[in-house]
Amino acid sequence: MHVTKDLVAASATPMVLGILALGESYGYAILKQVNDVSGGELAWTDGLLYPLLHRLERLGHIESSWRTSPGGRRRKYYRITGQGRAELAEQRRQWAAVVGALKNIWQTTGEPPPAVALPLEA
Amino acid sequence: MTIDSDMDLETQVAEWRTYMRRHRAVDGADVDELEDHLRATVADLVEAGLRPDEAFLVAVKRIGNLDDLSREFARVHSERLWKQLVLAGGQEAPAPAGSRRDLLVVVGCATAAAIGIKVPELFGLDLANDDGFYQRNFALFALVPMAAYFTFRRRVGAAVIGVLLALFALGGVGANAYPLAEDSQSIVITAIHLPLALWLVVGVAYVGGDWLSDRRWMDFIRFTGEWLIYFVLITLGASILVAVTVGAFGAIGIDVTDFIDSWLLPCGSMAAVVVVAWLVEAKQSVIENMAPVLTRVFTPLFAAALLAFLAAALWSGNVIDVERDVLILFDLLLVVVLGLMLYAISARDPTARPAFFDWLQLALAISASLIDVLVLLAVTDRISEWGTTPNKAAALGENVILLANLAWTAFLLADFVRHRRPFEHLERWQTRYIAVYAAWAWIVVLAFPPVFSFS
């Protein structure tokens, strides 16, 4: 199974904010974490994470700093801001609404979907 | 993992970096960040059993299509497509070592320039009353600090500093040793030629003792054009500021014109000379140069105007009427045409094949040379009839020097557009000809006053 591009794009922001809400991190580690939690089903193009991070930084949801990694390389670490946490809470509410609505629809339609129309009651 | 494959990976990463840097929307810090990602991916893949070169290929593939990536970066950082002048280094990337020192040097030199112009007042030379002194010497006050700035910046050796000091001292002698009357022609001529001679001395500091490098002198030509444009822009801004300040203080009944005339204008303009030089140096690789752009616009227009003039002169059969100012006017015309050609040359890719624009330049060079020949004929006629003055001799000499340059340039261009000569010959001709300008300027400053018995 492959999640469509639009869905990946729409879920990317809450996913990154959610991961950063757990603690400071950097690009490669964020991608690995996305991979782990989705069981490999969310296929991100690695590079495109960085423009997203820069956009979130610009909006003030996250902030960054250059530090030296344990391996001795220069690495850019990102951390969520107060404003980012508020944004994350807002996104969670919206996603909960969407997921809840979908669940309700699928419950009433049942599974598998009925093949014939229900007879009208007299 | 062998040492060999490690080396291999380093070259591959280096190549990938250069390729990334070509995308304008991606800056150095972004490439650093992506490289860190690339290396982390490679390290994980190698641990999983891939060879480094295989791991590199997979990692690059995972980063994704670079054009898409650069488009995404451009959407976030659209301002990067407008290149920005970063003077003290961004906050993200550490400032390159030495830029702090450079800032100190420029502030020091600009302050020295601003104070220097007021020093003669301590010896009773007033700006308002002794304007002859300032007229002869302003180039020294402005250009010595600028040369000092380049000596610091290029870290030139003691020999070059010695040469610079000697030349500036010579300029000081030329300006002040001769007994010239305040209203003589010679003093005006010195005031015009000394700045030119000293500007080329600054060129010596600019090339940093690399006397014989045509590239460096070409850089100096570029620098001159950009410096002029920036200086004009800054002067415009400053005059608006002055006008507003005078008006605002006037509104509360305080007259600041005295302060502006005797402090702000002289000190400010002297400091501006150094600051503009620093600006041009700092922005050199960042912003598209202005001079070549203007050149592209004006070369066709000037060529058309000159051809029209030439056609009209030939058709009407009128001889050019050599009045007092005509020589100067045509000198000015030649200087402008030469400037246009120089900047077109300095901005041109030396390896590009001849194109339409080169034909335009050829037309410009030929028509300017022809017009100048007409003027020269008329002038020599007049001089042989009426005798000469310092003014006429200087203007005539300039005409001849510029004409020689333009005519030979036209010859080289004609060869170049017919594929008989590489473009480099033209560049070399222009950069070596700078020595002729320098020699002539010094002759006028040092030899003209005695030759014309200080008239």
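How many residues lie between β2(A) and β3(A) in the hairpin, and which residue in the turn has a positive phi?

1. The hairpin. Five residues separate β2(A) from β3(A), and the turn includes A:Gly72, whose phi is positive at about 95°. The model under review is predicted, and the angle is accordingly a computed value.

2. Strand β2 of chain A, residues 62-68, is joined to β3(A) by seven bridges in the antiparallel sense. Within this pairing, A:Tyr78 of β3(A) is the residue opposite A:Ser64.

3. The other partner of β3(A). Strand β1 of chain A, residues 25-26, also runs antiparallel to β3(A), and two bridges connect them. A:Tyr26 has A:Tyr77 in β3(A) as its bridge partner.

4. Overall composition of chain A. The chain contains four helices and three strands, arranged from the N terminus in the order α-β-α-α-β-β-α. Of its 122 residues, 20% are buried. Among contacts in chain A with a separation of 6 or more, 51% are between residues 24 or more positions apart.

5. The contact between the chains. Chain A contributes 16 residues to the contact and chain B contributes 19 residues. On the side of chain A that touches chain B, at least two residues come from each of α2 (27-37), α3 (49-59) and β3 (74-80). The most is given by α3(A), with five residues. By residue class, this side of chain A comprises seven charged, five nonpolar and four polar residues.

Technical notes: Residues numbered from 1 in each chain as written. Chains lettered and ligands numbered in written order. Predicted model: local features only at pLDDT ≥ 70, side-chain atom pairs only at ≥ 80, totals over all residues. Contact = placed C-beta atoms within 7 Å. Nonpolar A, V, L, I, M, F, W, Y, C, P; charged D, E, K, R; others polar. Buried ≥ 20, exposed ≤ 12 C-beta atoms within 10 Å, placed from the backbone. Pairing = 2+ DSSP bridges.
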